[in-house]
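Student: Can you walk me through this fold? Keep it quick.

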Amino acid sequence: MLLEFKTKNYKSFVEESSFSMVAAPKQKGLDYSLMKTKVKGKEIRGLSSSVIYGPNAAGKTNIIGAMDVLRAIVLRGNIRNSEEKSSPNPAATALELIPSNNEAEGKPVYFSVEIYEEAEGGKFRILYELEIDLGVFLDEEYPRKIISENLFVNGEPIFQRADNLYIGNMKVIREYLSDVTEQNVENVSEIAKNSLGQDELFLTNGFKLVFSQKFAKLIVDWFTNKFMVIYRADSMQLIKRFADPKKKAVYVEKTTDKAAKLFGINSNAVGYVVSENEPDAKLYSVFRDMKNKKNAAVAAEIFESYGTIRFINMFPLVIKAIQIGGTLVVDEFDASIHPMALMSIINVFHNDDINIHHAQLIFNTHNPIFLNSNLFRRDEIKFVERDDDSHRSILYALSDFGTTGDKGVRKHEDYMGKYFISRYGAIKDMDFTPIFEEILDSEKEV
């Protein structure tokens with residue numbers, strides 16, 4: 001479960017911004033699907049959902065992009081550019097796109113992620129921090145360097161890397177340590193330090209290879225399987241792969257097909273076709289050919305609406321998140337999908353009887369329908385605002401306003417109404433009329 005994500009000097013987020021999925025203190029009401037547990041006597045109350053609001057170009061997608069970039073860096077184990085060029089998030093593969101284009105001097109980029117995982121050996125509250133020097137915007141040839149890298153587990157420092165490498169007390173992960181570290185920690189740490197490149201992560205290199213492959217795997221597995229970040233809604237695809245790609249067939253997944261029928265597909269069913277030459281399965285609409293009395297398949301992009309295809313692609317990710325307790329982060333979750341379908345999915349994450357593994361749903365939107373005190377808690381509603389002069393973004397929650405005073409937000413307040421009168425900020429007045437008046441005036445002059 002994601003507890004908190006922080007970033008600094010990532011694109012428009014110049015100042016440190018914190019995206020918290022921990023319940024705000026004294027927040028009452030709507031206690032659906034809260035993850036409640038204790039680690040070393042301290043209670044953790046994790047949120048099951050969060051929605052992000054803000055005007056266009058405010059930075060809503062940037063905060064999701066920052067999550068995606070950290071995920072990509074951890075999975076490849078370094079801060080070099082990736083060979084993968086088809087990613088919908090260019091900054092995840094070309095890190096020179098990360099620094100702010102309004103800064104003349106390079107500033108260290110900072111990421112941190114705090115998660116909660118239950119595994120063999122106990123309950124773990126894991127904090128991983130990474131600070132990197134990438135130079136200035138578009139400087140691809142800059143000699144990149146990891147400034148600092150830290151790992152804390154249940155409040156105890158496991159390792160802290162800066163100019164020197166400090167190995168902490170590893171009792172908290174004793175069951176995960178390799179035999180060699182039990183014998184000689186000092187010598188091993190010196191070897192790990194000397195063999196580490198300045199652009200390589202210690203977590204997935206020295207720590208993994210020398211100290212604890214099992215615990216490094218626990219963290220990397222969370223980034224791989226449970227941190228499902230969907231950057232750029234219009235680029236989202238879910239590819240189905242099968243064990244036998246040579247077998248030409250149409251595969252109809254019953255659960256997704258049932259959901260698609262509730263959603264309102266045009267065909268009799270939807271399925272994935274695997275051909276001999278294309279191992280990647282493609283989505284097809286399956287229907288009954290009434291003339292020839294047999295089934296036929298047509299590419300879904302021809303037969304179904306964009307909203308239907310997007311829903312079918314996304315729904316298996318919702319299922320996976322619920323099944324494994326994943327964190328699903330989606331850019332423009334509501335694009336081309338009816339609000340009633342979205343409400344139903346949100347309710348699944350808010351249902352204590354279904355969301356038993358404490359899955360999380362995080363998304364940004366322009367749809368004000370979710371600004372509802374009966375649907376989301378105040379600490380689940382986030383805002384992103386960008387200053388027109390400095391072009392810097394800030395991130396804050398509705399719960400930050402408190403409940404008293406002139407700026408306080410009451411429990412059953414009309415969030416939507418107050419948002420549209422700029423009570424919470426993160427909204428921009430726009431009037432395109434002068435542009436059209438100027439066009440009409442120029443036409444009259446001609």
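Tutor: Helix H9 (residues 306–324) lies across E11 and E16 and runs at about 155° to E16. Helices (H or I, at least four residues) and strands (E, at least two) are DSSP runs, numbered from the N terminus. Axes are lines fitted to C-alpha atoms, for helices over the stretch in contact, and angles run from 0 to 180 degrees between N-to-C directions.

Student: What should I know about the model?

Tutor: It is predicted: local features need pLDDT of at least 70, side-chain atom pairs count only at pLDDT 80 or more, and totals for chains, interfaces and linings use all residues. Residues are numbered from 1 along each chain as its sequence is written, and side-chain values use heavy atoms, with hydrogens and water left out.

Student: What order do the six strands take in the open sheet?

Tutor: E11-E16-E17-E5-E18-E19, with mixed pairing. Two strands pair if DSSP finds at least two bridges between them. The edge strands are E11 (227–230) and E19 (393–397).

Student: In which sense do E5 and E18 pair?

Tutor: Parallel, over three bridges. Tyr53 stands opposite Phe383 in E18.

Student: Switching to H6. Which of its residues are buried?

Tutor: Among them are Phe215, Trp222 and Lys226. Buried means under 20% relative accessible area, exposed over 50%, partly exposed in between (1.4 Å probe, protein chains only).

Student: And what does Phe111 touch?

Tutor: Its contacts (heavy atoms within 4.5 Å) include Phe5, Tyr10, Leu70 and Tyr128, not counting residues up to four places away in sequence.
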